[in-house]
Amino acid sequence: MVSALSEIFEEFADLDREDQSRFLLELGDEIPELPAEHRTEVNRVHGCQSQVWLITETTGAGDSAKFRILADSDSNIVRGLIAILQAAYNDQTAAEILRYDIDGVFRQLHLQQHISPQRRNGLRGMVERIRSLAERHAVSVTRAVDRDSQTRSERPSQPVRTLDIGQIRSQFPVLQRSLPCGRLPVYLDSGASAQKPRVVIEKEREVEEQYFANAHRGTYQFGLRIDEEFEGARSAVARFLNAGSADNIVFTPGTTIGLNMIASGWGRGRLGPGDEILTTVMEHHANFVPWQQLALETGATLKLIPLTADGRLDQGQFEQVFTERTRIVAVTAMSNMLGTITPIREIVRHARAVGACVVVDGAQSVPHFATDVIADDVDFLVFSGHKIYGPTGIGVLYGKPERLEEMRPIHFGGHMISQVSVEKSQWSAAPAKFEAGTMPIVQAIALGEAIRWVESMGIEAFHAHEQLLTRELYRRLQGLEGMQIFGPGLEHRGGIISFRMAGMHPEDLAALLDQHGVFTRHGHHCTMPLHTWLGVSATTRVSFGIYNTQDDIEAFVNALTQAERVLRRRGSAS
Ligand code: PMP
């Protein structure tokens, strides 16, 4: 039985240092052991001298759910500190925990004076972990409420699950592979391409070994099975995006080709001099160059939605930049460099008011937070399979039925036609109209598997985990001398952080990090106009996936600190 806080106050506050230690040992004896299955890496609290694992349980639902702290340590004094935290926090809601003056409790107990600086850090680490678990709960409740209140056409919200990241990470063979330096890879480049879990790799193998055939061709057993799997993948994508119907899902080779298909197939022939295409300076080249070229070709004007100094879309300018001439608004849902999450619904609202078509680059958003194309009311949205734990060579173009009807195919050949004569041809209905020739069949099926795998845990839980990592890394980087982090504060960004450090060129830094088995991206990240706007030629980028852990952050910060020493000594150009 854990003592109540009032009892602890009564007995503890006036004790001297030695007696306090004895009392902490006694308190430590009272707390129940944490079952072995919870003593995992993911549940370990960093910054403690001893080993500490901490999780929370909730009873009840929503914002009235009450928290219970479950924790353990190999040090009995730390177990005593855990007992104090349990007495202080148990049975509080997330909001109460976040408001709670725990330092006031420590002050009243004179705890800070009586424990060593290392123990103080450990205690702080536990408090931070409790607060971040409470915050994660609060965010998930708010998001569910927001979604419910925003539109009735959205799917019912699922409760956000707490994931066992260690278990998830063990499903990624490539992350278990020792590097020549003897370390396991610390993979921090999921924004470029995510790694694949075993189920996805095995799905590809299953198709190749057991029933491969071309799709929509043969009515023999393999042909029928492959059609079923291929169309099953399309349905999985439709469900994941809340696309209404699988007919609105076109398979493409990836985001880049999808955006080119829209620019050429929908934009060309619809735009002329005087028309405006609205985009932003933060776009990936894939969502910039096709529109730039379309403007040059048609005489339309490419216009940029201004950014705020911290790299968000300046919503105060929307009224001016959206005009009667705006025909297309092409914008990313999340910047691959700044991490900025853009306000898609606000953009759509302004676009509707002027009758413009909204094209969303979902390459960085679809793998990391919930997408609902119907609720968002976007005209087109594209993403790539390889960033959502699926294979390369496969991507998705969602279009509203009427937009797909209006859009011309830009690739011609087999499967996309309904009639061909010597003089002319007629097209099939979407999605076949846009899927000429043999598709990346195995990859599409494996993408379906990747999406089912994400759905089995819930994309909301992915988002919550990645936000925790982002917050932690942001905090750690902010404390470093000479650090410049690009992009907005945490409330407006997803799991990407790009930065520069004084005296360290990103390319040199990447090479040194690589020596520690830490894989990051450096360069302009296919966002040259954005880098020009920021006044830098290159940055270092960390981007998270579901398999990343606090230990990856630890390894990254350690490698960064060591690289800094080497580069500062050598005076690397900044
Ligand atoms: N848009 C964004 C925001 C991206 O991050 C990327 C990939 N880095 C792309 C488009 C292009 O995707 P792909 O290379 O798969 O076509």
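This is a predicted model: local features need pLDDT of at least 70, side-chain atom pairs count only at pLDDT 80 or more; totals for chains, interfaces and linings use all residues.

Trainee: Okay, and which residues of α19 are buried?

Mentor: Helix α19 covers residues 506-515, and its buried residues are Pro506, Leu509, Ala510, Leu512 and Leu513.

Trainee: Back to phi. Which residues other than glycine have a positive value?

Mentor: Tyr389 is one of them, with phi near 70 degrees. Cys526 is another, with phi near 55 degrees. Most residues other than glycine have a negative phi, so these are worth a look.

Trainee: Where do I find Tyr389?

Mentor: Go to the loop between β9 (380-384) and β10 (395-399); Tyr389 is in there.

Trainee: And Cys526, where's that?

Mentor: Cys526 is in the loop between β16 (521-523) and α20 (528-534).

Trainee: Why does Tyr389 count as buried, and Cys526 as partly exposed?

Mentor: Tyr389 counts as buried because its relative accessibility is 1%, and buried means under 20%. Cys526 comes out at 24% relative accessibility, so it counts as partly exposed.

Trainee: Which residues does the cis peptide bond join?

Mentor: Ala430 and Pro431, with omega at about 5 degrees. You'll find Pro431 in the loop between β12 (425-427) and α17 (441-457).

Trainee: Changing topic: which residues form the negative surface patch?

Mentor: That patch is made by Glu7, Glu10, Glu11, Glu26 and Asp29. Helices α1 (5-12) and α2 (17-30) each supply at least two of its residues.

Trainee: Which element gives the largest share?

Mentor: That's α1, with three residues of the negative patch. Take Glu11, which is found in helix α1. Its relative accessibility is 47%, so Glu11 counts as partly exposed.

Trainee: Last one, zooming out. How is the protein divided into domains?

Mentor: Domain 1 runs over 5-146, domain 2 takes in 186-193 + 458-573, and domain 3 is 245-437.

Trainee: How far apart are the centres of domain 1 and domain 3?

Mentor: Going by their C-alpha centres, domain 1 and domain 3 are 48 Å apart.

Note on methods. Residues are numbered from 1 along each chain as its sequence is written. Side-chain values use heavy atoms; hydrogens and water are left out. Patches are made of residues with over 30% relative accessible area and no salt bridge: like charges are joined within 9 Å, nonpolar side chains (Val, Leu, Ile, Met, Phe, Trp, Tyr) within 5 Å. Accessible areas come from the Shrake-Rupley method with a 1.4 Å probe; for residues, only the protein chains shown count as cover. A salt bridge is a side-chain nitrogen of Lys or Arg within 4 Å of a carboxyl oxygen of Asp or Glu. Lys and Arg count as positive and Asp and Glu as negative; His and the chain ends are not counted. The place of a charge is taken as NZ of Lys, CZ of Arg, CG of Asp or CD of Glu. Helices (H or I, at least four residues) and strands (E, at least two) are DSSP runs, numbered from the N terminus. Buried means under 20% relative accessible area, exposed over 50%, partly exposed in between (1.4 Å probe, protein chains only). Domain bounds come from an automatic or database domain assignment.
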